[in-house]
Structure formats: C-alpha cells, structure tokens
Amino acid sequence: PQNRNHIRRTHPEGSYIVSLDDDVSSIQRLSSSGKKLADVDLQGLFCGAHDFCLSRGVTLWGVYPVRNAFFMSNRIRFGNHFIGGAVYMEKVLHSPVYDVCEGFPGTRDDIERTLIHDDCGTVARFEFITHDTDYLNLRGGLQSGVRDEDSHVDWILASWPHKTKGWRRKDGRREVKLLAKVDEDS
C-alpha cells in the first residue's frame, strides 16, 4: 500500500497509471461466442482502457477477477465491483482521500481501493478481460511472513457497512463481499 500510494502521489495529476503484478502470466479476452479465452495485446488493451476511462470519467478500471469463461460476460460494469490488485488502471489524484491505509498487513488494499473509488470517483470493470496469475502461490512477496488480515477486514466492514458484507471461505479465512447496487452496463 505504501508503494502504490507513493507512486500515485508522484505522477502528474490527472494522468493514469497501470499496476500489473509480476506474477501475472497472461491477460485474456472472452471470445465473442462467450466460450473461450484468447490472449490480448497489452498495449492495445491498456490504450483502449485509457481512452475509455478518459471518455467516461473513470478513476479506477480493472478486469474480471476470476479466469473462467463460464462466469465472464461481454459487458462493462460500473459501481462497487471488486477491482483486484493484480491488474488495474488508476487515475492519478493527489488528494489523500484516495490513499489506502498503510497500517494493515496483507492483501485487502484492493478491496479498500475499490470502495474509495466507488465513494469518490467512478469504478469500471471489463467483465470480458481476465488474467492468469500464481498470486499467493509463489514464494516471497505478500505470501511470505505472517499476516493478521482480520484487522483490515474488520476495519473495512466497519468503515463501509452499507457497501460490504463479511463472509468465510471454505478454509475458514474471512473475506469481504462488496454489495453492488443495480449498475449501468455497457
């Protein structure tokens, strides 16, 4: 979180930055038939997403978080929809309101970032673009060391009770579900 806040604060206001984790092995697009995934040209994707964000006033753009063509669709969702930290584009806004909290360990800053942009900007997710990653399965990075993510989950649930709901994974880990209003699709 500290690095991402710093990067956002040091780039020119109004520009856009892309965050792409080093463990992302591919970015893919849903076919027009909605049944298969195909690799995309990254430069074309990010240039197109940038133009889209500029034209629609989007402050946080991301991709579908699960690599499964069955659940994906050829649409764009706006609003309180999860934007994962592995692939996203964020408008550079220097206001501290866009800073995610730096005092929490772990991996919940992407949820917090989505909620902040839903409050103060515009969130858009391309439901037809996804990524493949070994996130949390490789040595080093966020997965190394002991984390107390429950404190961040508690803080998010208390800070956005009208936009979140807590739940448990099958393995017992706590998670945050984002509660989306009926949103505009394109």
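With which residue does R9 form a salt bridge, and how far apart are the closest N and O atoms? I am working on a predicted model, and in it I find R9 bridged to E102, with 3.4 Å between the closest N and O atoms. I placed R9 in helix α1 (residues 2-10) and E102 in the loop between β6 and α3, so the pair ties together parts that are 93 residues apart in sequence. I then checked accessibility: R9 counts as partly exposed at 35%, and E102 is likewise partly exposed, at 34%.

Entry on the other salt bridges. My search of the whole structure returned 14 of them. I looked up R113, which forms a salt bridge with D109 at 3.1 Å between the closest N and O atoms; because the two are four residues apart in helix α3, about one helical turn separates them, and both are buried. I next took D154 and R174, whose side chains meet in a salt bridge of 2.7 Å, N to O. This pair links distant parts of the chain, since D154 sits in helix α4 (residues 150-159) and R174 in strand β10 (residues 174-178), 20 residues apart. Here I noted a contrast in accessibility, with D154 partly exposed at 41% and R174 buried at 18%, the cut-off for buried being under 20%. I also followed shared partners, and found R8, R9, D99 and E102 joined into one network of salt bridges.

Entry on the sheets. I traced an open sheet of five strands in the order β1-β6-β4-β7-β5, with mixed pairing. At its edges stand β1 (16-20) and β5 (76-78), each having a single partner strand, so one side of each is left without a neighbour in the sheet. The twist averages 20° from one strand to the next.

I then traced an open sheet of three strands, ordered β3-β2-β8 and antiparallel in its pairing, where the twist averages 40° from one strand to the next. Strand β2 (residues 24-30) runs antiparallel to β8 and is joined to it by five bridges, with Q28 opposite T130 in β8.

Entry on H117. I located H117 in helix α3 (residues 109-120), where it counts as buried at 0% relative accessibility. Leaving aside neighbours within four places in sequence, I listed the contacts of H117 as T59, L60, E90, Y98, T122 and V123.

Methods: Residues numbered from 1 in each chain as written. Predicted model: local features only at pLDDT ≥ 70, side-chain atom pairs only at ≥ 80, totals over all residues. Heavy atoms only, no water. Pairing = 2+ DSSP bridges. Axes fitted to C-alpha atoms, helices over the stretch in contact; angles between N-to-C directions. Buried < 20%, exposed > 50% of the residue type's maximum accessible area, 1.4 Å probe, protein only. Contact = heavy atoms within 4.5 Å. Salt bridge = Lys/Arg side-chain N within 4 Å of Asp/Glu carboxyl O.
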